[in-house]
Amino acid sequence: MRGGQVSLDRRPVLRGIDLTVRSGEVVAVLGANGSGKSTLIRALLGLIPLSGGSTLLYGTPPARFRDWWRIGYVPQRLSVGGGVPSTIREVVASGRIARQRRFRRTSAADAAATSRALETVGLADRAGDPVQALSGGQQQRVLIARALAGEPDAFVMDEPTAGVDAASQRLLADTLAGLVAQGRTVVLVAHELGPMEPLITRAVVLRDGCVCHDGPPPRAVGTHALPGHDHVHPHAEESPASPLEWRPTS
Amino acid sequence: MIDLLQYDFMQRALLAALLIGLTAPAVGTFIVQRRLALLGDGIGHVALTGVALGFLTGTAPVLTAVLVSVLGAVAIELVRARGRTSGDVALALLFYGGIAGGVLLISLAPGGSNSTLMSYLFGSISTVTAQDVWVIGALAVAVLGVVAVFGRELFVLCQDEEVAKASGLPVRLLSLLIAVTAALTVVIAMRVVGLLLVSALMVVPVATGQQLTRGFRSTMLLAVVFGVLATVGGLTTSFYVEAPPGALIVLVALGGFVLALGLGRFVRRSRPQESRP
């Protein structure tokens with residue numbers, strides 16, 4: 001993000017957070033359940049109002065921000081609510097909305113971007129199926145494809161790995177690696193990083209609505225995995241390099 | 001069918017039915033997707049107050065109904081946007097307020113009684129005037145125009161409001177647009193099926209369509225086809241069997257739903273791969 005994002009939030013959920021995401025960074029927002037991870041990224045985007053402080057998107061407050069195509073938001077779960085079925089392609093194509101003009105029809109570029117996004121997440125052959133028929137991991141892939149279709153500069157993902165099967169996690173990590181190689185900015189909320197772990201350039205750990213660690217992510221040695229939420233180190237300030245406790249997995 | 005068209009009132013009624021069959025399911029698709037299937041009912045009840053207000057003030061009931069139901073729809077939307085949890089309670093309050101207001105106002109109107117309201121509650125398509133058809137036509141054009149122009153944005157909105165916001169869409173404006181469009185649709189359909197059955201035309205054809213389709217666009221198209229079949233079919237039947245058209249239209253729509261339910265199950269079974277791997 002060129003201008004950087006600044007959030008100063010004084011809600012009870014988030015108590016005074018200063019955070020600037022720079023262009024090309026891959027930031028993981030970690031923390032326990034209820035530590036305010038999702039709230040933080042939604043507040044960063046201006047989706048929920050701040051009770052204090054301010055947030056800027058590329059140097060502009062969200063209310064006056066116009067270049068929404070630069071941001072691809074992946075919400076926590078698929079809420080294709082209601083009973084009306086939608087095909088995978090329809091949902092993914094709707095990711096182009098920020099790039100489309102009201103009175104223009106869907107262009108060839110839109111269709112091509114949608115197809116590319118479907119290829120990337122490996123759902124091209126199922127484009128005509130209703131999203132409601134998919135498993136949780138596949139639905140998550142649809143949501144990511146929707147963000148990909150918009151070809152944004154920055155991705156903001158809320159728990160892209162929650163409740164996702166191993167194959168989808170692997171695919172997500174590959175997709176992410178491709179984005180990182182293109183120099184895109186990624187901010188993601190995660191419980192466990194899994195295969196995405198080597199891609200992360202910066203970890204922000206939240207605890208009780210405050211940032212308790214902000215810096216390089218701890219590197220795993222060997223086959224260590226990140227055990228996630230219940231292992232946030234209580235004394236992060238004393239050992240900033242390892243805010244998370246490690247437990248070898250079998 | 002030919003003898004049916006010899007009557008002027010039937011021509012007008014059929015035209016009105018056709019327009020309603022087109023518009024109600026188109027708007028209904030968005031409303032069902034947004035899980036607001038009962039919105040049409042809420043607006044319908046509020047519109048009754050508008051009708052009574054028209055009689056009381058001596059203006060055309062259709063116009064006052066438009067005014068009051070648009071206000072009601074905006075009120076519902078505002079309450080929904082503020083506190084999500086009490087949305088259904090707010091809707092219920094409007095239900096009762098609308099009916100009570102209508103009954104009270106009509107009793108104050110000169111020569112008005114509850115029976116005056118009956119033709120609006122249950123529809124009276126045979127008394128549709130040429131002026132009504134023009135008003136219905138204009139409203140239908142407006143509603144379909146909104147769907148055509150804003151359809152893409154409304155699809156994103158009805159899927160996920162936060163994503164819509166993060167895509168830079170004017171979420172509040174679009175939400176109001178849906179509410180107002182629904183209100184207009186209710187008033188359009190009021191003369192034909194009656195305020196108590198309006199919502200059926202917004203919901204049942206959509207429910208029918210989705211039994212057979214896999215996508216949003218195809219659901220909407222099929223819903224519109226079913227909507228037109230139901231309104232025109234129901235009205236034609238009512239001409240021959242001398243039954244209230246509103247009730248017949250809704251029953252035809254429900255019959256279609258039951259058929260589609262069986263057919264949909266058959267279609268789905270014959271599809272090789274729709275289960276999760």
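View 1. You will find Glu242(B) in the loop that links helix 10 (216-241) with helix 11 (245-270) of chain B. Helices here are DSSP runs of H or I with at least four residues, strands are runs of E with at least two, and both are numbered from the N terminus. Although Glu242(B) is not a glycine, its phi is positive, at about 55°.

A word on the model before we go on: this is a predicted model, in which local features need pLDDT of at least 70 and side-chain atom pairs count only at pLDDT 80 or more, while totals for chains, interfaces and linings use all residues. Residues are numbered from 1 along each chain as its sequence is written, chains are lettered from A and ligands numbered from 1 in the order in which they are written, and side-chain values use heavy atoms, with hydrogens and water left out.

**View 2. Glu151(A), a partly exposed residue with a positive phi.** Glu151(A) is not a glycine either, yet its phi is about 45°. Its place is the loop between helix 4 (136-149) and strand 3 (154-158) of chain A. A relative accessibility of 28% makes Glu151(A) partly exposed.

**View 3. Strand 3 of chain A, covered on both faces.** Five of the five residues in this strand are buried, so the rest of the structure largely encloses it. Ala154(A), Val156(A) and Asp158(A) lie on one side, with Phe155(A) and Met157(A) on the other.

**View 4. The parallel neighbours of strand 3 of chain A.** Strand 2 (residues 71-74) is joined to strand 3 by four bridges, and Ile71(A) stands opposite Ala154(A). Strand 4 (residues 185-189) is joined to strand 3 by five bridges, with Phe155(A) opposite Val186(A). Two strands pair if DSSP finds at least two bridges between them.

**View 5. Chain B, with 11 helices and zero strands.** Buried residues make up 53% of its 277 residues. Of the contacts in chain B with a separation of 6 or more, 74% involve residues 24 or more positions apart (contact means heavy atoms within 4.5 Å). Along the principal axes, the C-alpha atoms of chain B fill a box of roughly 65 × 50 × 30 Å.

Note on methods. Buried means under 20% relative accessible area, exposed over 50%, partly exposed in between (1.4 Å probe, protein chains only).
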